[in-house]
Amino acid sequence: MLLWSACNKQAKPNAAPPPTPVSVAEAKTADAVYYDQYQGAVVALNSVELRSEVSGFITGIFFKEGDVVPKGKELYEIDRRKYEAAYQEAEANLLSANANLIKAQKDIDRYTMLLKNDAVARQTVDQAQAAYETSKSQVAVAKAGVLSAKTDLSYSIISAPFTGRIGISQVKLGAQVSPGTTLLNTISSEHPIGVDVVINEQDINRFYNLQKRSTDSTFTLQTSDGTRYNKPGKVLAIDRGVASGTGTIKVRIQFPNEDDVLKDGMSCVLNVLNSQSGERVQIPYKAISEQMGEFFVFVSQDTIAKQHKVKIGPRIGTDVVIMSGLQAGDKVITEGFQRLRDGGKITLGGPPQQAPAKGAKQ
């Protein structure tokens, strides 16, 4: 009898596991406005290195370093005495050439009249004509000399090519400068200003479309200290081609900068409004589980848990946007899914809370 009883007990089937207690939350549709982020750098839309076109010593500096200077303002003076003397000499040479031309013209007129009366040889007239043409060419040379000397004289004063902020001077009074090599200073425009970002070639069409129809909320900027820059931007230019080594292309976004907040060379983050922003399904982020780079949630269907593969978007606070895989109204399991399998039994009410250990502080 004892042997029969033991065998009878072993023959009984294993009891089914109890349902897993879980907590659920309903997937809801809500407004989801989110941005794609690109690392960027602030660049002046116009920046010029000031260098001298003539040699000499600095005899004047007419600005305060770091100030905004208007277009045409005189900034540096290079010793002008030599260039003023050369200009005066060139003008004197032009006067002399013009006088010779007038004399040659009179000689031609005189000899032509005498030739009509056979009072002078034809050769003399031809020589007078040649002298006149030579005088004309000398006048042209003298005019070119005046223009060259005047240009050199004008180069001895270096003026601002546009309105912008000038930097710290690289030379002091009395310093000698060489044409084309000595850097005097740098001037750059500030308003408007640009932000350069590098994008993948897959995003080119997106930015071309944004160039045609961007809105005030399309581009926002965040500076390196975390400050949000609230002025709207627009696509100014997209580079001519894709870099073959990296498959990227540069895009320049223009921002107003009346208050001089953005400085040339600053690092920043460009936020670009995602085209999929709008009314989107959202669920608590804690309901998401990841497996091999893919994302899943468990959905409560009465007493059964069904696993759904989802495509997620950006996080918004404690929630996450669901791009596909769920519908509004689905009840997703937020707690207790760690012990679940697809099709597993569930019961609502949340996983049991672990009792505090004896002696633990309440």
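Buried residues make up 33% of the protein's 362 residues, where buried means under 20% relative accessible area, exposed over 50% and partly exposed in between (1.4 Å probe, protein chains only). Keep in mind that this is a predicted model, in which local features need pLDDT of at least 70, side-chain atom pairs count only at pLDDT 80 or more, and totals for chains, interfaces and linings use all residues. Residues are numbered from 1 along each chain as its sequence is written, and side-chain values use heavy atoms, with hydrogens and water left out.

1. **Overall make-up.** The protein has four helices and 24 strands; these are DSSP runs numbered from the N terminus, with helices being H or I of at least four residues and strands E of at least two. Take the contacts between residues at least 6 apart in sequence: 75% of them join residues at least 24 apart, a contact being heavy atoms within 4.5 Å. The accessible surface is about 22400 Å², and carbon and sulfur atoms account for 51% of that. Accessible areas come from the Shrake-Rupley method with a 1.4 Å probe, and for residues only the protein chains shown count as cover.

2. Two strands pair if DSSP finds at least two bridges between them. In general, strands of a sheet pair through backbone hydrogen bonds, either parallel or antiparallel.

3. **Strand 17 and its partners.** How many of the seven residues in strand 17 are buried? Five are, so the strand is mostly covered. Strand 17 runs antiparallel to strand 3, with seven bridges joining them, and antiparallel to strand 13, with five bridges. Strand 13 (residues 219-223) and strand 14 pair over two bridges, in the antiparallel sense.

4. **Asp196.** This residue is in strand 12 (residues 193-200) and has a relative accessible area of 10%, so Asp196 is buried. The side chains of Asp196 and Arg252 are joined by a polar contact of 2.6 Å. A polar contact is a pair of N or O atoms within 3.5 Å; within protein, one must be able to donate a hydrogen and the other to accept it, and residues adjacent in sequence count only if both atoms are side-chain atoms. Beyond its neighbours within four places in sequence, Asp196 is in contact with Gln39, Gly40, Ala41, Val43, Lys250, Val251 and Arg252.

5. **Aromatic pairs.** There are three in the structure. Rings of Phe, Tyr and Trp (its six-membered ring) pair if their centres lie within 6.5 Å; planes under 30 degrees apart count as stacked, over 60 as edge-to-face and the rest as tilted. One of the pairs is Phe63 and Tyr76, which is edge-to-face because the planes are at 70°, with the ring centres 5.3 Å apart. Phe63 lies in the loop between strand 5 (56-61) and strand 6 (68-69), and Tyr76 lies in strand 7 (residues 74-78), 13 residues apart. Both are buried: Phe63 has a relative accessible area of 12% and Tyr76 one of 0%. Another pair is Tyr229 and Phe255, with centres 6.2 Å apart and planes at 75°, so it is edge-to-face as well. Tyr229 in strand 14 (residues 228-229) and Phe255 in strand 16 (residues 248-255) are 26 residues apart, and Tyr229 and Phe255 are both buried.

6. **Backbone points to check.** Most residues other than glycine have a negative phi, and most peptide bonds are trans. The peptide bond from His191 to Pro192 is cis, with omega near -5°, and Pro192 is in the loop between strand 11 (183-188) and strand 12. Asp260 is not a glycine, yet has a positive phi of about 60°; Asp260 is in the loop between strand 16 and strand 17 and counts as buried at 17% relative accessibility. Met292 also has a positive phi, of about 55°, but is exposed, with a relative accessible area of 85%.
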